[in-house]
Amino acid sequence: MIKKILIMIFSFSLISFAQEKEMITVIGDSLVGKVVNGESIREVSGNVILTQGNVKITCRKAIQYLSRNDAELIGDVVATQDTLIIKTERGFYFGNLRKTSSNSGVTLEDKKVVLTAEQGEYFFDEDKAVFQKNVRLYDTASTLTSQQLTYLRNEDRAIATIDVKIIDSLNTIFADTVDHFRKKQITIASGNVVIKNNSNNSLVFGEHLEDYRESKYTIIDKLPMLVQVDTSKSTDSLGFETVRLDTLLIQCKVMEVFREPEQKFIATDSVRIIRDLFASKNDLTVYLKDEEKIITQKISDEHNQPILWYDNSQLTGDSITIYIEDKKIRQLDVDGNAFMVSQHKNYLNRFDQSSATGIKMFFNDNKIQRAEFFGNVYSIYYLYEEDQPNGLMKANSLDAAILFEDNEVSEVKLFGNPGSEYYPEQQVSGNEKTFQLPKFIFSDERPDKQKMYEQINRIKWQLH
């Protein structure tokens, strides 16, 4: 009795399964039926056509396994479903799964992308392709390569892993994993991300990137760092021109790029910048490319002012704006609670200091020429005679101007109710710390290039 019940259940399952999964049909020029290892097979040769619902496969030869509802496909295999075309030299079709697979090199085309790999599977009911080994995906805008890729046709989505690289007209992106939404033009990259700009020698490193091509916006929000290798030329007093490597390094917690309506770069939180003799530490940096202007700002009363170092000088203020021309600094404005400190290169405990409401600094060939101070100017500057200390001068005025030669103070001019007081050397020597203006700070947190490079070295990446 029990045996009869089991047979009935088993028979019912087979009937239900057969009703759910349509049997494949294979026709061709010739057909040979045989039994191999107890299994009934049919070898169909010449102009073979396999069909199952809306799936159609053509090839030169097919071996059909009747009980399994499978077939081995041999020679010039072409599978189609609506606009989908899959080509390979040899593969399998699994009727119960409505899946095809190949280890003989496979190409998929669907009028949206072209996908190739050494191995591939396609699930017709799920509209899903899983390709492996030397995968390439082409569309009208970019080429993606990886070692593994899942393509979801209905979502216009490709998920690529292992040695991922995307090349388009602007950039090349490297990453461990990329989730690419083709129709929405959204790319999300994770793990050892590197973006190489094809036009300006810049590299952006990070651990997580989101790119929204339609809105022309990119954000890197995990360990971002920008490196732009450039060269600059300078001319010395004798007229000799020197070409030097001028690399820009920017490190922060969040990096954003806006490409329209204006090209704008924003670095936020714990920003570190180094370029040649310049360095900066701040919480917000905005680079307006079209205007060739860099702005750093104090973002709230609770946050510190941005700090900018140039050679042996340090600048602080509520806002610092740098104007660039031909890749060189032309002007630098400090607005709000401005403070400038310069450390003497031989007497390291001696600091020239000036505070004012605002400062404007003017440069020529990346060398400071003049600094203008506006509003309630207070200064302390040390005097030297034939490079020997000779006391200091404390001064105050409404406005002031300082002239520089070879980045050293050469002349100080005071305007509007000027007042000054001289302190002889014997009164100054050993008491330098007592000659400091209010709010004097000489920060020891100047960004270190080697430490910044350590973050890059941690990322495993290869540019090919």
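**Stop 1: a hairpin at β10 and β11**

Select residues 119-123, strand β10, and then residues 128-138, strand β11. Together β10 and β11 form a hairpin, with four residues between them. Click on D127 in the turn: its phi is positive, about 50°. Keep in mind that this is a predicted model.

Now look along the two strands. β10 and β11 pair in the antiparallel sense, over five bridges.

**Stop 2**

Show T116 and look across to R136 in β11, which stands opposite.

Next, select residues 143-152, strand β12. How many bridges join β11 to β12? Nine, and the two strands run antiparallel. A hairpin joins β11 to β12, through four residues. Show Y138, which stands opposite T143 in β12.

While the strands are on screen, recall a general point. In a regular strand, side chains alternate between the two faces of the sheet.

**Stop 3: rings and charges**

Ring pairs link Y93, Y122 and F124 into a cluster.

Then select F94 and K99. The charged end of K99 sits over the ring of F94, 5.0 Å from the ring centre. Move on to F123 and K128. Here the charged end of K128 sits over the ring of F123, at 5.1 Å from its centre.

**Stop 4**

Rolling a probe the size of a water molecule over the atoms shows where empty space is left. The count comes to three cavities of 30 Å³ or more.

Start with the second largest cavity, which has a volume of about 70 Å³. To find this cavity, select V77, A79, I86, T88, T100, S101, S102, V106, G120, E121, Y122 and F131, which line it. Y122, from the ring cluster, is one of these lining residues.

Which elements each supply at least two residues of this lining? They are β5 (70-81), β6 (84-94), β7 (99-102) and β10. Colour the lining by class: six residues are nonpolar, five polar and one charged.

**Stop 5: a loop lysine**

Jump to K184, in the loop between β14 (171-181) and β15 (186-197). Is K184 buried or exposed? K184 counts as exposed, at 56% relative accessibility.

K184 and E214 are 30 residues apart in sequence. In space, their C-alpha atoms are 7.5 Å apart.

**Stop 6: two aromatic pairs**

Return to rings. A search of the whole structure finds twelve aromatic pairs. Select one of them, F278 and Y310: the pair is tilted, with 4.5 Å centre to centre and 40° between the planes. F278 lies in strand β24 (residues 278-288) and Y310 in strand β26 (residues 307-310), so this pair ties together parts 32 residues apart in sequence. Both F278 and Y310 are buried.

Now show F351 and F440. Their ring centres are 5.4 Å apart and their planes stand at 65°, so this pair is edge-to-face; the cut-off is over 60 degrees.

F351 counts as buried, at 12% relative accessibility. F440 is buried too, with a relative accessible area of 17%.

**Stop 7: the largest cavity**

Keep β30 in view and turn to the largest cavity. About 90 Å³ of space lies in this cavity. Of the 13 residues that line it, select D352, Q353, S354, I402 and V409, the closest to its centre.

Then colour the strands around the space. β29 (328-343), β30, β31 (367-385), β32 (388-405) and β33 (408-415) give two or more residues to the lining. Which element gives the most? β31 does, with four residues.

Finish by colouring this lining by class. The lining of the largest cavity has eight nonpolar, four polar and one charged residues.

Terms used
Residues numbered from 1 in each chain as written. Predicted model: local features only at pLDDT ≥ 70, side-chain atom pairs only at ≥ 80, totals over all residues. Heavy atoms only, no water. Phe/Tyr/Trp six-rings, centres within 6.5 Å; stacked < 30°, edge-to-face > 60°. Buried < 20%, exposed > 50% of the residue type's maximum accessible area, 1.4 Å probe, protein only. Lys NZ or Arg CZ within 6 Å of the ring centre and 35° of its normal. Pairing = 2+ DSSP bridges. 1 Å grid on protein atoms, 1.4 Å probe; cavity = no way out; pocket = protein on both sides within 12 Å on 5 of 7 lines; lining within 4 Å. Points joined across faces, edges and corners; volume = space filled by probe spheres on them. Nonpolar A, V, L, I, M, F, W, Y, C, P; charged D, E, K, R; others polar.
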